[in-house]
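Subject: Structure handover

Hello,

Here is the structure I promised to pass on. Please open it beside this message and read along.

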Amino acid sequence: MEAEPLFPTCDIPPTTYILLDTILRMKPSRSNYRIVLVRPRNPLNIGAAARAMANFGLHEMVVVAPYPPVWQETRSAVGAEKVVRAARAVDALPEAIGDRTWVVGTTSGSRRNLDRDLIPLNETKVWLPQRVRRGRVALLFGSEKTGLSNDEMSFCHALVRISTAERCPSMNLGHAVAVCCYEMAREGAISNRPLGTKTHHSDPANFQSIDHVFARAERVLDEVGFLKPKSRAATLIKLRRLLIDLDLTNNDVKILGGILAQIEWKLGNN
C-alpha cells in the first residue's frame, strides 16, 4: 500500500508549481550531510530550502511532522525539483536522524538556559569536517513559528547560531538553510567524497544505537524508582544529552546495552 503524499498534486505546469509529492519511505543514506526540517508550516519555505541545498551541492532533505499546508504557488525551488521530489517525510525526529552519527541543531540563541554550547556558524569549518570524517551529519532547522523545542535540541551534539542582529534574531526558514549551506560550502565543510572505511577502530555510534541504550536506561530507572513524576521529563532530557555528549562508539553501545540488559533481567527475576 502506497504512503499518502505529503502535499496534493495539481493539474498545473511543473514550471509554475513545484509538486511536493512522491514522498519516499525513510531509507539509510550514504550522503554525508542531511538537512532536516522539523515541523515546517509552509511549502514555500520547503521549496526555498530545497533551492538553497541544490545551490551548494546538498541533495538530501527529510521533513519531520510537517504542518498540513494549503497548496500554494511557489517558484523558489526552480532548479531543485530533484531535491524536493526525493524529500522524505517522517513522523518523529528519531526517524530522521537514526542513521546519523552527529546531529547539529540551529537556533537564534535568544533563549535562556540552552544547556548547550553555541557554535558560531563561521566556526563550523573547524567543528564539522572533524566529525564528518568519522560519521554522517544531520543539520536540524525548527519550525518557522517556534524553532527547535528544548526536547528537540536535546538530541543535538551541538547548536549552531547564525550571527543576526539582537533586535531581530530569528530568520526565515529558507534563508537560514541558505546561509548555513553557503557558509559550509565557503569554508570547505561540505564534501561529496565518500567516507573512508574504518577497519581498525570502532566507528562512532549512530543516533539509533544511542536511542536504544537510552530507552533501556529509561526502563531500568523507572523500575528502580529513580525517575520522579515531577522531574521525569527534565531528567530524561539530561540523560539523553549525557549519552550524546559521551561520543559513544559502537563498542561502547554494545557494552552499555549489555550491562543494562543484565540489570533489567535481574530486576525482573527478583
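Below is what was found, from the whole chain down to single residues.

**Ground rules**

This is a predicted model, so local features need pLDDT of at least 70, side-chain atom pairs count only at pLDDT 80 or more, and totals for chains, interfaces and linings use all residues. Residues are numbered from 1 along each chain as its sequence is written, and side-chain values use heavy atoms, with hydrogens and water left out.

**The chain as a whole**

The protein chain has nine helices and seven strands. Both are DSSP runs numbered from the N terminus: helices are H or I with at least four residues, strands are E with at least two. Of its 270 residues, 43% are buried. Buried means under 20% relative accessible area, exposed over 50%, and partly exposed in between (1.4 Å probe, protein chains only). In the protein chain, 86% of the contacts with a separation of 6 or more join residues 24 or more positions apart. A contact means heavy atoms within 4.5 Å.

**The sheet**

Seven strands form an open sheet with parallel pairing, in the order β3-β2-β1-β6-β4-β7-β5. Two strands pair if DSSP finds at least two bridges between them. From one strand to the next, the twist averages 30°. Axes are lines fitted to C-alpha atoms, for helices over the stretch in contact, and angles run from 0 to 180 degrees between N-to-C directions.

Helix α1 (residues 43–55) packs on the sheet and touches β1 (33–38) and β2 (61–64). The direction of α1 makes about 160° with that of β2.

Now β1. Six of its six residues are buried. Y33, I35 and L37 point one way, while R34, V36 and V38 point the other. On one pairing, β1 and β6 run parallel over five bridges, and V36 has L140 as its bridge partner in β6. Four bridges also join β1 to the parallel β2, where V38 stands opposite V64.

Strand β4 (residues 102–106) pairs with β6 (residues 137–141) in the parallel sense over four bridges. There, V104 stands opposite L139.

**Helix α6**

Helix α6 (residues 173–186) packs on the sheet, touching β1, β4 and β6. Its direction makes about 150° with that of β6. The 14 residues of α6 should span 20 Å at 1.5 Å a residue, and the end C-alpha atoms are 20 Å apart, which agrees. The expected span is 1.5 Å times one less than the number of residues. Buried residues in α6 include L173, A176, V177, C180 and M184. An α-helix has 3.6 residues a turn, so residues three or four places apart point the same way.

**Two residues to look at**

Where does V63 sit? V63 is in strand β2. V63 is buried, with a relative accessible area of 1%. Leaving aside neighbours within four places in sequence, V63 contacts L37, P40, R88, A89 and V90.

H157 lies in the loop between α5 (150–153) and β7 (158–161). Is H157 buried or exposed? H157 is buried, at a relative accessible area of 14%. Beyond neighbours within four places in sequence, its contacts include T101, W102, R116, W127 and D245.

Best wishes
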